[in-house]
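Biologist: I have not looked at this protein before, and I would like to go through it with you slowly, one question at a time. Could you show it to me first?

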Amino acid sequence: MIVLRQWADGDWPLLVRLNAPEMTEHLGGPESEAALSARHKRYVASAESPLVHSLAAVLEPEGVAVGSISLWEREWQGMPVYEMGWAILPEYQGRGLATAAVKECVELARGLGRRSEVHAFPSVENVPSNAICRKAGFELIGPVNFEYPKGHWMDCNDWRLSLG
Ligand SMILES: CC(C)(COP(=O)(O)OP(=O)(O)OC[C@H]1O[C@@H](n2cnc3c(N)ncnc32)[C@H](O)[C@@H]1OP(=O)(O)O)[C@@H](O)C(=O)NCCC(=O)NCCS
């Protein structure tokens, strides 16, 4: 079972592990220490923000933080939407944990009631992430050239889930 909780200062070692080369293969590669530290601060601060929700995925009953999931507000093709992103540590992959976390985060987005749809933009080559979108009920809109992180362009799929 997976439980989502606010990102905490003590989650820094988790973020470092999620920044490994094998974890960021479809995300433009590892970020620099400075960029990662800035990301950690943003994640911790997101507890106070209505616009961004950066959460740790905690495996229960073990109580181990095994991944991250984020939900943030953005404009996409002129529409205000949510975007979502996720990652699970290698030794916990393949157990349905990311899919469960995404489903839970979709319900969080629905409950917030600020935007009417959620998008995710996995690389077209990211087989598990595209499978997660399909299993969590997203609809495949089609391929898009997508910038992530800033300055790095990828061939991604645009997946959309209506919260209505
Ligand atoms: C993407 C990621 C979060 C998947 O986590 P996970 O907990 O293993 O995902 P799930 O167990 O929920 O599995 C999702 C689906 O992908 C499949 N899958 C998992 N690993 C796979 C692999 N290496 N190759 C092919 N399919 C795979 C699973 O079988 C499952 O599909 P199925 O139920 O139809 O069989 C994880 O691989 C990861 O953290 N990757 C690096 C970060 C990343 O790319 N994030 C996504 C950015 S959009």
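This is a predicted model: local features need pLDDT of at least 70, side-chain atom pairs count only at pLDDT 80 or more; totals for chains, interfaces and linings use all residues.

Biologist: What kind of peptide bond joins Tyr148 and Pro149?

Modeller: Most peptide bonds are trans, so a departure from that is worth noting. For the bond that joins Tyr148 and Pro149, omega is about -15°.

Biologist: Which residues is Tyr148 in contact with, leaving aside its neighbours within four places in sequence?

Modeller: As a point of reference, Arg39 is 109 residues from Tyr148 in sequence, and their C-alpha atoms are 14 Å apart in space. With the neighbours within four places set aside, the contacts of Tyr148 are Leu27, Gly28 and Met154.

Biologist: How do strand 2 and strand 3 run, and how many bridges join them?

Modeller: Strand 2 covers residues 52-59 and strand 3 covers residues 64-76. Their hairpin has 4 residues between the strands, with Gly63 taking a positive phi near 75°, and within the pairing His53 has Leu71 as its bridge partner in strand 3. Strand 2 and strand 3 run antiparallel, and the number of bridges is 8.

Biologist: Which residue of the hairpin between strand 3 and strand 4 takes a positive phi?

Modeller: Strand 3 pairs with strand 4, residues 79-88, in the antiparallel sense over 10 bridges, with Trp76 opposite Met79 and Arg74 opposite Val81. Most residues other than glycine have a negative phi. The hairpin has 2 residues between the strands, and the one with a positive phi, about 50° although it is not a glycine, is Gln77.

Biologist: Is Gln77 buried or exposed?

Modeller: Gln77 has its place in the loop between strand 3 and strand 4. Since 12 or fewer other C-beta atoms within 10 Å make a residue exposed, and Gln77 has 9, Gln77 is exposed.

Biologist: In which sense do strand 4 and strand 5 run?

Modeller: Strand 4 is joined to strand 5 by 2 bridges, and Glu83 of this pair stands opposite His119 in strand 5. The sense in which strand 4 and strand 5 run is parallel.

Biologist: How many residues has the largest nonpolar core?

Modeller: In soluble globular proteins, nonpolar side chains tend to be buried together. Among the residues with the most contacts inside the largest core are Trp86, Cys105 and Met84, and Met84 has contacts that include Leu71, Val102 and Val118. The number of residues in this largest nonpolar core is 33.

Biologist: Which residues of helix 4 are buried, and where on the helix do they lie?

Modeller: Helix 4, residues 127-135, has Ser129, Ile132 and Cys133 as buried residues. Seen down the axis they fall within an arc of 100°, so they line one face of helix 4. Their cover includes helix 3, strand 5 and strand 7.

Biologist: Which element gives the largest share of the shell around the ligand?

Modeller: The ligand is surrounded by 22 residues, the closest being Gln93, Ala98, Thr99, Pro128 and Ala131. Two or more residues of the shell come from each of strand 4, helix 3 and helix 4. The largest share, 5 residues, comes from helix 4.

Biologist: What radius of gyration does the protein have, and how does it fit a compact globule?

Modeller: The protein has 4 helices and 7 strands, and its C-alpha atoms fill a box of roughly 35 × 35 × 30 Å along the principal axes. A compact globule of 164 residues would have a radius of gyration near 15 Å, so there is agreement with the value for the protein, 15 Å.

Conventions. Residues are numbered from 1 along each chain as its sequence is written. A nonpolar core is a set of buried Ala, Val, Leu, Ile, Met, Phe, Trp, Tyr and Cys residues joined through C-beta atoms within 7 Å. A residue is buried if 20 or more other C-beta atoms lie within 10 Å of its own, exposed if 12 or fewer, and partly exposed in between; C-beta atoms are placed from the backbone. Two residues are in contact if their C-beta atoms, placed from the backbone, lie within 7 Å. The arc is that of the directions from the helix axis to the C-beta atoms. Two strands pair if DSSP finds at least two bridges between them. The radius of gyration is taken over C-alpha atoms; the globule rule is 2.2 Å times the number of residues to the power 0.38. A residue is near a molecule or strand if its C-beta atom, placed from the backbone, lies within 6 Å of it.
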